[in-house]
Amino acid sequence: MPVWEERWHPLREEWVIVAAHRQDRPWIGQEVRAGAARVPPYVAECYLCPGNARVSGARNPPYTGTYVFDNDHPSVGPLAPQVLEPASGIYRNRPATGIARVVCYSPRHDLTLAELEPAEVDRLLEVWQEQYRDLGGRQGVDHVLVFENKGEVVGVSNPHPHCQIYATNFVFKTIETEARAGERHLAETGRVLFQDILAAERSDGRRIVAENDTAIAFLPYFARYAYEVFVAPKATHPSLADLSNEERRDLAVVLQDVLVRFDNLWGMPFPYVMPLHQAPTDGRSYPGFHFHIEFHPPLRKPNLLKYLAGPEIGGGNFLSDTAPEEKAAELRRLPAVHYRRLP
Ligand SMILES: [Zn+2]
Ligand SMILES: [Zn+2]
């Protein structure tokens, strides 16, 4: 029986999810790449395309918009073993309970988030709102992490546009750190930390990538990756679920603007890790938490990865090789129309 549990890291003070049963999950990335440069709109072997069967035996409905289902290879789940091998000495473990889901953005296998219609992006944000409310409202779910991994370079096994949701019995470390920083800033100054960040970005202006009435995108002063972009509503809301419909539509527009610029950068689907940073759902209130979306793109140039090495993996702090001001200007100069839509 492969190990499936959470183990406490006493030095980093964080949980590690051990999900050794996921090793044999399906991988179709290689095959798709070897097939053709142009990805077809429907792939018979794709476990995310409408109407297709998944490894679990379940069959996808003939969906026409977004489609949400429980992950067949969950990292956390209701079926995680409840009886665990006891940890020795100082070590602690516990069941990896929670819910892991997959959200297909579109029935089209060949589209990316950058290429969806604006109304479809808004609908996706609405689905994320529903998922945060549904999962976050459940007993034992302390946090809802929505994230998209895009591109083989970040290990994505299937190009079909989709994201994942981990509803966990703990708060992810970065969220915990951000929540604590926001809480302290609020207590010390009476102000929301993220609003002070927005004020600093606005007064400088060089790192703003896109903006409309209620939403903004910028490459922060403190960016760790070359093309790290934050997308956020201008008003403080602890989660996406708290946005009005108008704010959500504005956010969808700015989000897509950034995605189009990313793809236009090198005329290729731009790989990234995109987490939504939302307040924990552990029953406490987080007035100092300002919901935002972060992009962590691993590439510095078309074929040049930002390798995480000594400083980052060894020490835990980033060494950035690029100036955020220059990278933001580079993104701003790009066309706002996707290269695949140009005649
Ligand atoms: Zn597909
Ligand atoms: Zn964040």
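Along the sequence, the donor residues of the zinc ion (ligand 1) are spaced C-x2-C-x59-H-x50-H, where donors are N, O and S atoms within 2.8 Å of the metal (3.2 Å for Na, K and Ca), and water is not among the atoms, so sites may look incomplete. The model is predicted, so that local features need pLDDT of at least 70 and side-chain atom pairs pLDDT 80 or more, while totals for chains, interfaces and linings use all residues. Residues are numbered from 1 along each chain, chains are lettered from A and ligands numbered from 1 in the order written, and side-chain values use heavy atoms, without hydrogens and water.

Cys 46 (SG), Cys 49 (SG), His 109 (ND1) and His 160 (ND1) coordinate the zinc ion (ligand 1) at 2.0 to 2.3 Å. The angles among these four donor atoms run from 103 to 116°, and the site is tetrahedral (four donors with all angles between 85 and 135 degrees). Cys 49 is buried at 0% relative accessibility, and His 109 is buried at 1%, buried meaning under 20% relative accessible area, exposed over 50% and partly exposed in between (1.4 Å probe, protein chains only).

Glu 178 is partly exposed at 24%, whereas His 292 is buried at 3%.

How values were computed
Four donors count as tetrahedral if all angles lie between 85 and 135 degrees; four count as square planar and six as octahedral if opposite donors are over 155 degrees apart and all others between 65 and 115; anything else is irregular.
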